[in-house]
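I'd like to walk you through one protein model, from the overall picture down to a couple of residues.

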Amino acid sequence: MIRIIAALLVAFAGLVAHAARAAQVTFYQLPPHAYPHDVAPAPDGTVWYTAQSEGFLGRFDPKSGKHDAIPLGPNAAPHGVIIGPDGAPWVTEGGQNAIARVDPATSAVKLFPLPKQFSDANLNTAAFDKDGKLWFTGQSGVHGRVDPATGKVEAWASPRPGSYGITTTPSGDVWFAALAGDYIGKIDRATGAVAVIEPPRKGMGPRRIWSDSKGMLWVSFWNSGGIGRYDPTAKHWSVYAMPKNVTSTYAVYVDDKDRVWATDWSANAIQRFDPVSESFETFSSDKRSASVRQLLGRPGEAWGGESGTGRLVVIRD
């Protein structure tokens, strides 16, 4: 009897510990018409987001509820935003065909226009390499870089149209995903040339890409749904289908624990994938048509922008 009671107490303690670790989902309503596209949580606790249709960069403080809207300039249409090594938000500003840096202290906006031969790049996303240079993509079939130290902007024509998501690996390699072009590519940082890697099957539509701590590349497949892992050393793909759907996986993000997050539009949910157990955990939105376009995070938090509801969402664990 004593052994049975002890076993029950151990099991109960395990359940309590599990409950204590259960993830919490919180939604933050933004001002009308904000409709966040991409988000970037900053080290100071604030969260930056792009209001693509309104032409501003938003900053939200979850603790105080304070919200700032920073205009980016005439005809602005910001797409992606990330936090740079300097602590400032850097934006792929499609409306002005430039990379924008916003000073977090003064809100001053500095533009780095693309070369004239790439006047309609349709800018998408950006990532910093280990040397502090910002690499970017444009859906018209453009990839390039900005050197913040000199202000120099370089750009190249991608092998095919659709250059979209971009990431850097711990070793310093730069990779991007091409949605319309249906491939992922590794950029030669010295020349801008691209080595093309085809998806596991034709027509899968790689949309976004992220590296884990080991340099494995995780890709979201928009056309076929699901996520893929590409091993650059073994040159091997592994594919993991969404729990229920076979289309419309938009974004992918790998957190500091090497867990993989993905936005599942068809399920109106964010999925968390454990590469060890190869299992998914689903976090559904409490409103219809959430349309989370991108994910980013900081330790213990995964953030997304519900472009369909005008809210930010965070999953804390």
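Let me start with a term: by contact I mean heavy atoms within 4.5 Å. With that, among contacts here between residues at least 6 apart in sequence, 41% join residues at least 24 apart.

A word on where this comes from: it is a predicted model, where local features need pLDDT of at least 70 and side-chain atom pairs count only at pLDDT 80 or more, while totals for chains, interfaces and linings use all residues. Residues are numbered from 1 along each chain as its sequence is written, and side-chain values use heavy atoms, with hydrogens and water left out.

Now the overall build. You are looking at one helix and 28 strands; these are DSSP runs numbered from the N terminus, with helices being H or I of at least four residues and strands being E of at least two. The radius of gyration is 20 Å, close to the 20 Å from the globule rule for 317 residues, so the protein is as compact as a globular protein of that length. That radius is taken over C-alpha atoms, and the rule is 2.2 Å times the number of residues to the power 0.38. Along the principal axes, the C-alpha trace spans about 80 × 50 × 35 Å.

What share of the 317 residues counts as buried? It is 53%, where buried means under 20% relative accessible area, exposed over 50%, and partly exposed in between, using a 1.4 Å probe and protein chains only.

On to the inside. In soluble globular proteins, nonpolar side chains tend to be buried together. A nonpolar core, for us, is a set of buried Ala, Val, Leu, Ile, Met, Phe, Trp, Tyr and Cys residues joined through side-chain atoms within 4.5 Å. The largest one here has 38 residues, and Trp90, Ile99, Leu134, Phe136 and Trp261 have the most contacts inside it. Apart from it lies another core of 12 residues, including Tyr28, Val47, Tyr49 and Phe56. Back to Trp90: beyond four places away in sequence, its partners include Ile99, Phe112, Phe128, Leu134 and Pro148.

Asn124 sits in strand β10, residues 123-128, and is buried at a relative accessible area of 0%. Leaving aside neighbours within four places, Asn124 touches His79, Thr92, Gln139 and Tyr164, among others. Arg208, in strand β18 (residues 206-211), is also buried, at 6%.
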